[in-house]
Amino acid sequence: MNKLFKNLLFVIVLAVAFQTNASTRGFAIFVDSISQSKVSAELARYAESVNRQGLNSEIIIVNPDVNPDSIRSIIRSMATRKTSPIEGMVFVGDIPIPMLLDAQHFSSAFKAVQNPKRLERSSVPSDRFYDDLDLNFDFISQDSNKPLLYYYSLRSDSPARISPDLYSGRIKSIDFHGKDKYENLRDYLNKVVDIKNRNEQFEQMFIYSGQGYNSESINARMDEVINVYEHFPWMRNQPSSFSFLDHRQFNPAKYVIMSTVQRPDMSLSLLHHHGSPDKEYINRYPDARSVNSQLDEAKRFFRSKIRGAVESGTPVDSAIARYVRNYDVPASWFTDVLDKSSVEADSIYDHTLDLHLDDFDKYVPNSRIVMLDACFNGSFNNDKYIAGAYIFGKGDCVVAIANSVNSLQDKWADKYIGLLGEGMRVGNISKYNPYLEMHVIGDPTFSFAPKTNLGFDLNKALVEAPVSFWKKQIATSPYPAVKAIALEKLFEAGVYSPTQVLEFFKNSASPLTRFSALMLLSTVPGDEFVKAIELGLNDNNEIVRRFSTIFAGKNGSPELIPALIKAYANPLKGERVNFQIQTAMCLYDCDALISELERQRPYRHGYDESEMMETAKKDIVSRCSNKKYEDDLANLASDTPDAKEARMFIRQLRNNPLHPSVDTIMSYINRCDNEDLLVTLVEALGWFNYSYRAQEVADRMAQIASDPKFSEKVRNEAKKSAIRLGKSI
């Protein structure tokens with residue numbers, strides 16, 4: 001046993017009938033020493049269930065003084081050994097949590113200002129530290145108040161893309177239902193073993209679309225339903241195999257959601273909504289349909305505002321007078337604003353709009369897998385969190401896929417979920433869709449029995465199959481989800497070139513595989529990527545259109561302007577696509593957009609072309625062009641730029657790469673004498689990774705990284721940006 005293993009306690013648990021051989025894949029179960037002493041029998045039973053899945057399980061007991069670096073070293077040795085290399089792992093109990101800094105570009109939406117005095121709020125709890133062994137980190141500190149949290153900074157020489165070698169899961173128990181976390185952990189381990197022994201197939205799926213999500217686009221929701229049948233083709237033949245709920249159908253909707261997720265035959269529930277560590281935001285105040293209901297909602301709104309003002313120190317009379325004066329409403333509406341009965345009634349009403357931790361006293365989630373497409377529901381750095389309530393509750397839910405920090409709405413939330421129906425282990429959902437914040441909360445080896453006869457073991461193929469196998473799947477598989485993963489495997493292996501992927505994008509009848517091709521091309525921005533965006537802007541599937549629009553903004557190639565104007569002028573493209581088009585057009589040259597609008601005359605068949613053209617021109621000039629940033633650019637170009645204004649503008653560049661103004665932005669580097677501001681600027685320029693001008697920016701970052709006139713801090717950040725932009729350093 002080597003020195004690293006001596007720092008831990010190393011135990012191998014094998015089912016009696018299980019035979020180890022050289023080709024068997026391993027699976028690591030990390031458990032803290034206290035949890036091991038409390039649930040040893042249940043943990044052994046869980047390990048045996050993993051063995052029955054064809055894996056060689058090993059239990060590693062982690063002592064309290066072990067840090068993430070030591071655990072990572074053990075993982076690396078287990079993943080690279082010749083006999084039974086592990087394909088994944090699970091962290092049971094109180095295993096150290098890496099809190100990652102300087103890696104915000106790996107997340108979908110996390111853009112916090114990093115504050116050394118507020119490290120927990122500045123960092124992302126993420127097990128990508130453990131499952132992507134190519135990433136490089138520097139240790140910063142251990143949290144003095146929460147010793148389970150360890151802070152790390154992404155190093156400048158780290159790869160600029162997450163590509164996990166392994167899959168992982170967290171079974172971090174909580175005190176819940178009047179039981180301590182060890183009782184709940186014991187119950188969960190028994191539950192997941194019992195459910196795995198049932199060998200169930202994927203039968204039922206439920207999708208909920210919450211308030212404010214994806215602009216509440218009907219087009220997005222219609223096409224999401226179409227795409228579900230692409231993932232699970234057999235659902236077309238099954239009665240009532242798929243259920244969909246929009247938040248506008250019920251108010252409150254949470255009781256319908258809970259009733260649906262409680263169905264004992266539910267396999268997967270995908271819940272699109274907003275969230276926090278202890279809450280799922282389900283409904284807003286309802287759209288009033290009658291005069292009386294409109295009055296009730298208006299009164300409720302004003303009462304909440306007045307109470308908020310009073311809590312902030314404003315005298316109640318002053319707060320009431322302000323709203324009476326500003327909105328010309330009668331003061332008689334607010335005579336009972338602070339009465340106990342009024343406050344309680346509004347509080348009860350507000351509680352029905354969202355799903356809270358205390359709802360789990362009666363809520364019994366039976367959906368085997370719940371995907372919480374929301375912010376913070378999976379924040380396992382907290383003592384209690386919504387995802388934990390799902391798996392440690394009384395029902396048959398064994399996995400929650402959730403986000404540890406805030407999460408972008410426009411992301412590929414359901415990538416490869418169709419493969420769950422073919423027996424794929426759930427851990428692979430985050431392995432092949434590795435956002436920094438997305439985590440499997442629960443057993444990552446959980447899988448359904450294959451619904452169809454693929455003729456091969458999907459889990460084994462994902463790890464071991466040669467390119468010839470995946471070529472065959474591209475040519476012959478009837479399942480779009482299988483074709484999509486095959487395309488990724490061939491592309492990552494270098495067998496399919498960007499040109500071949502583009503041809504696949506052009507010729508595929510499946511929106512799922514077209515979308516997969518588009519996303520693969522986004523990893524190597526070039527001519528093929530631009531062409532795919534051009535075609536995708538007017539695709540017949542909403543998610544392809546939406547992401548093409550997002551990429552059009554992030555790429556900025558003038559070649560995209562004709563297709564962008566065509567899409568802009570289509571009033572039926574969908575609310576979310578329209579939102580993204582307006583965002584994208586801010587990043588193009590105003591005069592070029594106006595010129596193309598006049599050339600195309602896209603409203604020539606409209607009811608009033610001249611009025612529609614004039615409205616479009618005003619819109620482009622006022623909101624959808626680089627003129628929006630004229631004052632900011634003038635500030636950067638001035639002899640005495642305002643540093644505060646410059647910093648605010650520079651931070652915006654991370655989400656809004658202003659391609660026409662790259663020269664002005666980079667010229668500021670030579671005149672900026674504020675180190676912190678320079679670091680912010682070169683970091684923001686690293687977000688131009690999709691830009692058609694990425695090579696120019698990368699070259700400049702490489703120069704800065706080797707120029708001694710810049711501080712080490714600036715040079716390291718420039719190196720990180722250069723690598724992210726595709727420059728080898």
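**Entry 1: the lining of the second largest pocket**

I looked up which element gives most to the lining of the second largest pocket, and helix 30 has the largest share, with six residues. I keep in mind that this is a predicted model. Helix 30 spans 712–724, and it is one of the elements that each supply at least two lining residues. The others I noted are strand 7 (137–142), strand 8 (149–154), helix 26 (643–652) and helix 28 (675–685).

Next I checked the volume, and the second largest pocket holds about 940 Å³ of space. I found 32 residues lining this pocket, and the closest to its centre are Asp102, Gln114, Val679, Lys713 and Glu717.

Which classes make up the lining? I got 12 charged, 10 polar and 10 nonpolar residues.

**Entry 2: strand 4**

I then turned to strand 4, residues 86–92, and asked myself: is it buried or exposed? Seven of its seven residues are buried, so I read strand 4 as largely enclosed by the rest of the structure. The cut-off I used for buried is under 20% relative accessible area.

**Entry 3: partners of strand 4**

I looked for the neighbours that strand 4 pairs with, and two turned up in my notes. Strand 2 (residues 25–32) pairs with strand 4 in the parallel sense, over six bridges. For a handy landmark there, I picked Gly26, whose bridge partner in strand 4 is Ile86.

Strand 9 (residues 167–171) also runs parallel to strand 4, and five bridges join them. Here my landmark is Phe91, which stands opposite Arg170 in strand 9.

Terms used:
Residues numbered from 1 in each chain as written. Predicted model: local features only at pLDDT ≥ 70, side-chain atom pairs only at ≥ 80, totals over all residues. Heavy atoms only, no water. 1 Å grid on protein atoms, 1.4 Å probe; cavity = no way out; pocket = protein on both sides within 12 Å on 5 of 7 lines; lining within 4 Å. Points joined across faces, edges and corners; volume = space filled by probe spheres on them. Helix = DSSP H or I, 4+ residues; strand = E, 2+ residues; numbered from the N terminus. Nonpolar A, V, L, I, M, F, W, Y, C, P; charged D, E, K, R; others polar. Buried < 20%, exposed > 50% of the residue type's maximum accessible area, 1.4 Å probe, protein only. Pairing = 2+ DSSP bridges.
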